[in-house]
Structures are given as C-alpha cells and as structure tokens.
Amino acid sequence: MHTYAGNDLMFAQVNSLTSIETVLPFSYYSLPYCKPVWGIRESVSNVGNFGAALMGDQIVNSPYRFRGNVNESVYLCTTDPLTEHEARLLKQRIRDLYQVNMMLDGLPVLRYASFGGYKIQWTGFPIGYVPPNSDDVYIINHLKFTVLVNEHRGHGYDITDFDTPSNSTVSKGYESAPLFEIVGFTVVPCSVKRHQENMKRLKMYDNIDFMECPHELMTFQVVRENERIAFTYEVQFVKSDICWQSRWDIYSKQGDSRVHWLSALKSLISILLLTGIVFVIFLKTISRELAKRRGLNKQAEAQTDEEPSGWKVLAGDAFREPIHSRLLSVMVGTGVQITLTGFVTVTIAAFGFVPPDARGMILTLIVTVYSFSGIVGGYVGVRLWRMLKGSTDGWKSVSWSITFLFPGIVLIVHMALNLIMWVNRSTAAVSISMYVTVLLLWFCISSPVTLLGGLLATWAEAIQYPVKTSHIPREIPAWTLPSWLLVLSAGMMLFVTLFIELFFFLSSLWLGRFYTVSGTLCLCLLSLVILCAETSLIITYRNLQAEDWKWWWKSFCASGSASVFVFMYSINYLVFDLNGLSGPPSVTVYVGYSLIMAIAALLSTGSIGFLASFYFVNGLFSSTEI
C-alpha cells in the first residue's frame with residue numbers, strides 16, 4: 001500500500017503496446033512518444049520476472065508526472081518532424097488497433113466507451129483511430145486523466161475541493177495536509193491539433209489551459225510525414241469512498257459473474273446426470289454378485305449358474321498389457337502432473353495469495369509448481385509402468401520421458417514461435433538468457449524431482465491384478481458403432497460443460513480482459529474432474545459389455561477427446577471473435593499457443609479418465625466371483 005501527501009510526485013508507467021487485431025506486443029517507445037528526460041528505466045517488478053517476460057510485458061517509466069492532489073493541465077513535448085518510416089509505422093499500428101497500457105500505483109488505466117447504447121469499460125487507450133470513410137489517420141496526443149483518491153481521515157484538515165480544476169497546489173491544513181491512497185485511474189483520450197508556434201515556447205511540464213476534447217476532424221492531429229506532434233495531458237484528483245482493499249473490484253466487473261455461475265450450474269447438472277448413470281451400472285451389474293457372496297438373495301444364486309456374458313468373460317483379458325504401454329505410462333504421469341499444477345495454481349489464486357498487480361505472477365507460479373510436482377508425475381507414471389510390466393526394469397527411462405514429454409513439446413513450439421516474434425521485433429520474444437534459465441530450472445529441479453518420484457514408486461508395494469491374464473488373447477466381437485464415434489461423443493459432453501469458462505479465459509488471454517480466479521472457477525474445475533472420471537467410466541463399461549478388453553487407451557481418449565473440441569473452439573474464436581487477426585505471424589502465434597493448451601488438456605483430462613477407469617475395472621473384477 002502506497003500512501004501519498006499533497007504535492008508528492010507520482011509517475012505513470014507504461015507496458016508494451018498490445019492489440020486485439022494481432023497477438024504481437026511491441027515496445028511503447030518503438031513509436032515516437034515523449035521520453036523521460038532522466039532516461040528510460042525498466043520497472044523493478046519486471047526485472048527477473050519470468051512470467052512477465054513470457055507474456056511480453058515490458059513495463060518502463062514514462063514522462064507522465066502527477067503531483068499529489070494538484071489539478072493541472074501540462075505540456076509534455078513536441079516531436080521532431082515525422083520521418084517517412086515513423087509516419088508509416090504509426091499509421092500501421094493505429095490501423096492494427098494497438099493501444100497504450102498505462103499504470104499508476106499498479107492500477108491499469110480505464111477508459112469508458114458507449115457501444116450500441118451500452119456503457120463498456122476497457123483497460124488502456126488506443127494510439128489513434130481511423131474515421132469511417134476516411135484515408136487519414138489521427139493520433140491520440142492529449143489525455144484527460146482522473147485519479148480517484150481515498151483520504152486518511154484524521155491526518156489533517158479537509159479544506160480543498162479536488163473537483164475544481166486548479167493550477168495551484170492544495171492548500172495546507174492548519175496542521176498537515178491529509179494523506180491519501182490511489183483507488184482509481186481513468187482516462188479520456190483526445191486528438192488535438194496544436195499551434196506549433198505556441199508549443200515551441202513551452203518546456204516540459206509547463207502549465208497550459210484546460211480544454212474539452214474536440215469533435216471536428218479538422219481539429220484532430222493527423223499523422224503524416226514531416227508533421228510535428230505535440231503531446232499534452234491534464235489530471236484531476238477526485239475524492240472517492242472506495243477503500244484501498246476494494247480498488248480492484250471495478251476491473252473484475254468486466255465480465256458478468258452470473259454467467260460464471262451459470263457455467264457452474266451446468267456442470268453440476270451434468271454431474272448429477274452422469275452420476276445417475278454410474279449408479280445404475282453399479283446397481284444392475286454388481287448387486288447380484290454381491291448378493292450371492294453375502295447369501296442375501298437365493299434368486300441371485302440361481303442366476304449365477306447362467307452362462308457368463310459381457311464383461312464377465314473378460315477375466316483373462318481385462319488386464320492384458322496394452323500396446324505402447326510405455327507411452328501410456330508417460331502420458332498418464334505427465335497428465336497427473338499437469339492436473340496437480342492446475343489445481344494448486346487455481347487454489348492459491350482463488351484465496352488471494354497472488355496480488356492483481358503482480359503481472360506474470362500466475363505464469364511464474366505455474367512453471368514453479370509444475371517443476372516441483374514432478375515427484376507426483378514420476379511416481380504415478382513409474383508405478384503404472386511397473387504394474388503393466390511386472391518389474392521395475394526401465395523405470396529411469398519412464399521417469400526421463402515424463403520429464404521431457406510436455407516441457408519438450410512446449411519448448412519446441414515456443415522456440416518456433418519465438419523466432420517469428422523475434423523477426424517482427426515483438427517484446428514477447430524471449431531472450432537467450434531466459435531460455436538458459438528455463439533449462440536450468442528443467443534440469444536442476446524438475447528432472448531430479450521426477451526421478452525421485454520414480455524411485456519412490458519402485459520402493460512402493462506393487463499393484464496386483466485381481467485376476468490372472470490368459471496366454472491367448474480373446475477375439476473381440478465386431479462393433480456396430482465405431483468406437484471413435486463413442487469416444488468423441490464423450491469428449492463433446494465434457495466440452496459443453498466448460499466452454500463458457502473457456503470463452504472468458506480466451507478473452508482474458510487475447511483481448512486483455514481481466515479474468516478473476518474465484519470460487520466458481522474452482523467449482524468448475526472440480527466438476528470437470530468428476531465429469532472426466534464418470535464419462536470415461538461409462539465408456540469403459542460399454543467396452544467391457546461389448547467384450548472389448550482393449551479399454552486402456554479408449555478410457556484415456558474418452559475424456560481426453562475433449563481437447564479436440566478445445567482446439568476446434570480456439571480456431572472458432574480466432575475466426576469469429578478475433579476476426580482472423582491480422583497477418584500470418586499473428587495467426588501462427590495464436591495457433592501455436594492454442595496447440596499447447598490443447599495438448600495440456602489432452603494429457604490432463606485423459607489421465608483423470610484413465611485412472612478412474614482403472615480403479616473401476618480393478619474394483620469390478622476384485623469384488624465379484626467370475
């Protein structure tokens with residue numbers, strides 16, 4: 001918490017320029033903006049911030065200076081005549097809808113706009129705009145800031161009206177000026193054509209007259225070669241009843257919370273439906289066997305003399321080793337590691353341990369938790385491999401594969417995308433030193449921890465099958481319904497329950513909207529885990545009833561197929577919500593990151609479904625007499 005007094009100097013910070021038309025952020029000072037006379041310095045919070053670097057954040061200081069509780073209109077600077085390159089670059093950035101992301105005391109600047117009769121809020125403000133039916137491009141060069149402050153009562157006398165513009169400092173109280181905190185930061189961007197002769201006589205931070213934003217095109221500042229652009233701004237401090245702890249609430253209102261609760265309600269309805277189906281399966285197929293063993297039903301004893309059918313005939317094949325068992329073990333172990341990372345990250349964020357102004361902290365937390373959760377992934381993967389093979393031979397190879405599978409895919413894809421961003425001089429391009437940091441984290445923490453988990457799995461008691469596997473595989477009857485169609489239908493059902501939250505996540509990722517990690521997200525993720533388990537369980541039971549003993553991979557793919565629809569929806573979002581973006585580099589970067597997200601969803605949901613099916617099949621054959 002920062003507390004200020006009257007006349008205290010505050011400087012706004014600027015982040016990378018971003019656009020909803022492209023996914024390539026650029027440096028603020030890549031455009032001909034006014035620079036601080038004391039030089040450009042990177043924010044302390046951004047130095048060494050791994051997550052911020054991956055996100056393309058480049059937070060630096062700006063020349064926009066505010067004096068505590070001083071309402072003023074200020075001249076900043078006038079650029080040199082624009083060169084052909086500068087004019088062309090400005091026009092291109094404006095046409096691509098790039099915007100300035102400015103912050104004061106950690107708060108992103110907000111602007112309000114009317115669209116279709118509705119008042120919407122947005123973080124940041126545009127570089128400029130292109131009027132309809134016009135070839136000219138106009139730049140935003142005058143900013144009208146409003147800073148909301150919450151005073152500390154009792155520290156001084158309140159004798160100043162902050163709502164009245166004034167070029168003078170706040171009058172001092174009889175004892176001391178009141179202290180205050182910044183609880184809001186808004187802007188009204190304007191384009192104003194200034195008289196250059198008048199601007200030449202001014203120096204940086206000289207006071208000028210307050211003004212209203214013009215509405216005539218002839219009074220706007222056009223962007224063209226050899227044109228000088230004068231930058232000015234004004235600021236007003238306004239008292240507010242918003243407390244410091246609640247100053248971020250306005251940002252979380254960019255989405256309707258009722259929609260999040262609707263998503264959670266849909267998940268709960270799906271859980272109830274699938275739970276009913278699972279209950280019927282247990283009730284109709286297992287109750288007679290349990291009744292026989294306990295001597296509770298003579299009719300059940302008579303029925304056991306019937307010829308076995310369905311899943312009962314698979315006693316010698318149900319636990320036959322599947323094809324590509326090493327790959328299955330590695331994918332399940334990696335999926336468990338991803339799932340654990342997601343739950344730990346969401347839980348920490350939901351309880352408020354990640355401050356909203358800590359940019360990149362979520363991504364840093366994800367990488368850190370994933371590295372240390374390798375012990376769980378290694379343990380699960382090696383334990384599964386040991387069960388399938390009946391020995392511990394090859395456990396080191398499985399552990400190393402778990403270490404390299406998902407991080408290796410991410411590294412290869414990101415390096416290809418990083419080359420594209422580097423060629424386009426985007427701030428999202430990661431430096432060589434950052435890659436070295438990732439590799440050190442990979443080999444010094446993640447790899448040893450994963451190997452330790454695999455070693456613990458070799459020491460643990462081996463999982464024993466409830467029935468013996470026969471030497472000759474049983475022939476699988478022909479299906480009337482393709483198994484892949486059944487698997488995809490299961491994935492579609494899972495996707496329907498999460499696509500609302502997926503929309504908000506993508507909007508946060510690509511449109512710059514704030515995504516609040518709340519209890520509804522935790523509830524939706526928990527619901528997703530339950531749905532993955534129940535969906536895979538139902539598909540596995542259907543396979544067993546059809547006398548299909550190859551349930552291992554199908555149980556993984558049944559829930560994992562939701563990732564196919566996640567990727568397809570990401571492409572749909574690209575085409576219809578992002579309007580195809582602007583240019584092949586942006587589309588390539590978007591598709592690359594969407595592919596990484598889909599692979600993570602495949603491994604996570606697939607491992608949940610597989611483990612649920614395995615324990616179901618194991619319990620099914622161990623609790624009944626065949």
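In this predicted model, Cys34 and Cys77 are joined by a disulfide with an S to S distance of 1.8 Å. The torsion about their S-S bond is about -90°, so this disulfide is left-handed. The pair links distant parts of the chain, 43 residues apart. Cys34 lies in the loop between β2 (18-19) and α1 (50-55), whereas Cys77 belongs to strand β4 (residues 72-78). Both Cys34 and Cys77 are buried.

A search of the whole structure finds 2 disulfides. Besides the pair already described, a disulfide joins Cys190 to Cys213, with an S to S distance of 1.6 Å. Cys190 is in strand β14 (residues 180-190) and Cys213 is in the loop between α3 (196-200) and β15 (230-239), so this pair ties together parts that are 23 residues apart in sequence. When the bonded cysteines are counted along the chain, the disulfides follow the pattern 1-2, 3-4.

| Cysteine | Relative accessible area | Class |
|---|---|---|
| Cys190 | 3% | buried |
| Cys213 | 16% | buried |
| Cys444 | 52% | exposed |
| Cys557 | 32% | partly exposed |

Why is Cys213 classed as buried? Its relative accessible area is 16%, and buried means under 20%. Cys444, at 52%, counts as exposed, because exposed means over 50%. The value of 32% for Cys557 makes this residue partly exposed.

The report now turns to a helix. Helix α8 spans residues 325-350 and has 26 residues. From its first C-alpha to its last, α8 reaches 37 Å, which is close to the 38 Å expected at 1.5 Å a residue. Just after α8 comes Gly352, which takes a positive phi of about 80°.

How many strands form the open sheet, and in what order? There are 4 strands, in the order β3-β1-β6-β7, and their pairing is antiparallel. The edge strands of this sheet are β3 (60-67) and β7 (107-108), each of which pairs on one side only. Strand β6 (residues 102-104) pairs with β7 in the antiparallel sense over 2 bridges. Leu104 has Leu107, in β7, as its bridge partner. In general, the strands of a sheet pair through backbone hydrogen bonds.

Technical notes
Residues numbered from 1 in each chain as written. Predicted model: local features only at pLDDT ≥ 70, side-chain atom pairs only at ≥ 80, totals over all residues. Heavy atoms only, no water. Disulfide = S-S within 2.5 Å. Buried < 20%, exposed > 50% of the residue type's maximum accessible area, 1.4 Å probe, protein only. Expected span 1.5 Å × (residues − 1). Pairing = 2+ DSSP bridges.
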